[in-house]
Amino acid sequence: MDKSTTLYAVSLIGIAHAIPASFIPAKFLELNKIATNTETVMLTQALGSVTAGLSSMAYIAAKSASDELKMAALCSLCSSCLLAGYTAVHYWYTTGKKEAMAHAGATTGVLALCTAALLRK
């Protein structure tokens, strides 16, 4: 996939994650089998907001003619996926929850897409 197509795809994946995390955080937590309380709801909404910001950055970069902007967005997304993936693997390792394994797989997939786009000429 070229850089623009990858960025469009990542923006859609991100928004699909950001909407439920931001607008129905209790349901999002329940589906991921995470305790629901004031703190976890607030943190989930905050993470949804960050994901929405990354997604909008990806969309704006995809629409841009600037290859430098596309590269910067892809590098930022790679950094984000590396940290999110590490966190998911650590959570999976310490809790054994399958939901964390799914999150680790999803972030690895997005990381692979972004890395492949960066390596493509």
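Modeller: Before we start, the expected span of a helix is 1.5 Å times one less than its number of residues. Helices are DSSP runs of H or I with at least four residues, numbered from the N terminus. This is a predicted model, where local features need pLDDT of at least 70, side-chain atom pairs count only at pLDDT 80 or more, and totals for chains, interfaces and linings use all residues. Residues are numbered from 1 along each chain as its sequence is written, and side-chain values use heavy atoms, with hydrogens and water left out.

Colleague: OK. How many residues does α3 have, and what does it reach end to end?

Modeller: α3 has 26 residues and reaches 38 Å from its first C-alpha to its last, close to the expected 38 Å.

Colleague: And α4, what span should it have?

Modeller: The 29 residues of α4 should span 42 Å, and its end C-alpha atoms are 41 Å apart, which agrees.

Colleague: Back to α3. At what angle does it cross α1?

Modeller: The axes of α1 (residues 3–23) and α3 (residues 38–63) cross at roughly 160° and come within 8 Å. Axes are lines fitted to C-alpha atoms, for helices over the stretch in contact, with angles from 0 to 180 degrees between N-to-C directions. α1 and α3 are therefore roughly antiparallel, the label for angles over 145 degrees.

Colleague: Which residues of α1 meet α3?

Modeller: Among them are Leu7, Tyr8, Gly14, Ile15 and Ser22, while the α3 side includes Gln45, Gly48, Ser49 and Tyr59. Contact means heavy atoms within 4.5 Å.

Colleague: Why does Ser22 count as buried?

Modeller: Because its relative accessibility is 17%, and buried means under 20% relative accessible area, exposed over 50% and partly exposed in between, with a 1.4 Å probe and protein chains only. Leaving aside neighbours within four places in sequence, Ser22 is in contact with Gln45, Gly48 and Ser49.

Colleague: Is Met42 exposed or partly exposed?

Modeller: Met42, in α3, is partly exposed, at 48%. Its C-alpha is separated by 9.6 Å from that of Ala26, 16 residues apart along the chain.

Colleague: What do the buried residues of α3 pack against?

Modeller: They pack against α1, α2 (25–31) and α4 (67–95). Thr44, Gly48 and Ala58 are among the buried ones.

Colleague: What covers the buried residues of α4?

Modeller: The cover includes α1, α3 and α5 (98–119). Leu74, Leu77, Cys78 and Cys81 are among the buried residues in α4.

Terms used: Helices (H or I, at least four residues) and strands (E, at least two) are DSSP runs, numbered from the N terminus. Angles under 35 degrees count as roughly parallel, over 145 as roughly antiparallel, 65 to 115 as roughly perpendicular and the rest as oblique.
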